[in-house]
Amino acid sequence: MMHSLLFWRAKALEWIADLGLLAVRLWVAQEFVFAGVTKLSGGLHAPAWFAALHFPLVVRWLPIDVNWVVAGVGEITFGTALVLGLCSRFASIALLFITYVAVYSVHFDLGWAGWNQIETDAGQGFKVPLMLAVMLGVTLTQGAGRYSLDRLIERHLFRNTPARTPPPHRPAMA
């Protein structure tokens, strides 16, 4: 009886272990997809406020309209990749870069604004982008978890690969 309870407890923990990673991926992804859709729904030309920003050196050389479209498409594409759990570490790096550019160009000078002011000019500080960056750090370091296409692909590709065995122990020379 005890063995069976421990078995089912272990099975339950195994299945719920990556639910937190799934929740983080879905939350972060919807934020970026919504931002990208909102950005591109206004058209492919950057608004005046965006054109007036100072960008980091890495993206400063892009024409403003191209920067606008690349940011929007990147938010949608990599956000969708996170929803699916597809190339999630790469998607996390790409979204961290987009977040860095946004904080550098827009949010940092506005200070530390809270959740209660997100949709106002006073709420465009760097608190929310920082929280998103921390969550992206989780997916970058932990991967997408069990509930992802990454895991399905990994299982399919490495299904018949023999387990890796450690090299034999060699005694130390005196």
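A few notes before the close-ups. This is a predicted model, in which local features need pLDDT of at least 70 and side-chain atom pairs count only at pLDDT 80 or more, while totals for chains, interfaces and linings use all residues. Residues are numbered from 1 along each chain as its sequence is written, and side-chain values use heavy atoms, with hydrogens and water left out.

View 1. The secondary structure comes to eight helices and zero strands, so called because they are DSSP runs (helices are H or I, at least four residues; strands are E, at least two), numbered from the N terminus. Along the sequence the pattern reads α-α-α-α-α-α-α-α. Of the 174 residues, 30% count as buried; buried means under 20% relative accessible area, exposed over 50%, and partly exposed in between, with a 1.4 Å probe and protein chains only. Among contacts (heavy atoms within 4.5 Å) with a separation of 6 or more, 66% join residues 24 or more positions apart.

View 2. The buried residues of α2 are L21, V24, R25, V28, A29, F32, G36 and K39, and they pack against α5, α6 and α7. The axes of α2 and α7 come within 10 Å and cross at roughly 130°. That makes α2 oblique to α7, since angles under 35 degrees count as roughly parallel, over 145 as roughly antiparallel, 65 to 115 as roughly perpendicular and the rest as oblique. Axes here are lines fitted to C-alpha atoms, for helices over the stretch in contact, and angles run from 0 to 180 degrees between N-to-C directions. On the α2 side, the residues in contact are L21, V24, R25, W27, V28, E31 and F32, and they meet L132, M135, L136, V138, T139 and Q142 of α7.

View 3. V138 sits in helix α7 and is partly exposed, with a relative accessible area of 30%. V138 and L21 are 117 residues apart in sequence, yet their C-alpha atoms are 7.8 Å apart in space. Not counting residues up to four places away in sequence, V138 touches L21 and G143.

**View 4. The largest nonpolar core.** A nonpolar core is a set of buried Ala, Val, Leu, Ile, Met, Phe, Trp, Tyr and Cys residues joined through side-chain atoms within 4.5 Å. The largest one here has 13 residues, of which V28, F32, L82, L95, L132, M135 and L136 touch the most other members. Helices α2 (19–41), α5 (64–84), α6 (88–107) and α7 (127–142) each supply at least two residues of this core. A second, separate core of nine residues includes V59, L62, W68 and V106. Zooming in on L82, and setting aside residues up to four places away in sequence, its contacts are R25, V28, A29, S88, A91, S92, L95, L136 and T139.

View 5. Residues A71, G74, E75, F78, G79, A81 and L82 in α5 meet S88, F90, A91, S92, A94, L95 and I98 in α6. Leaving aside neighbours within four places in sequence, F78 is in contact with F90, A91, A94 and L95. In the loop between α5 and α6 you will find C87, which has a positive phi of about 50° although it is not a glycine.

**View 6. R146, a buried arginine in a loop.** R146 is found between α7 and α8 (149–157) and is buried, with a relative accessible area of 16%. Not counting residues up to four places away in sequence, R146 touches E14, W15, D18, R151 and R155.
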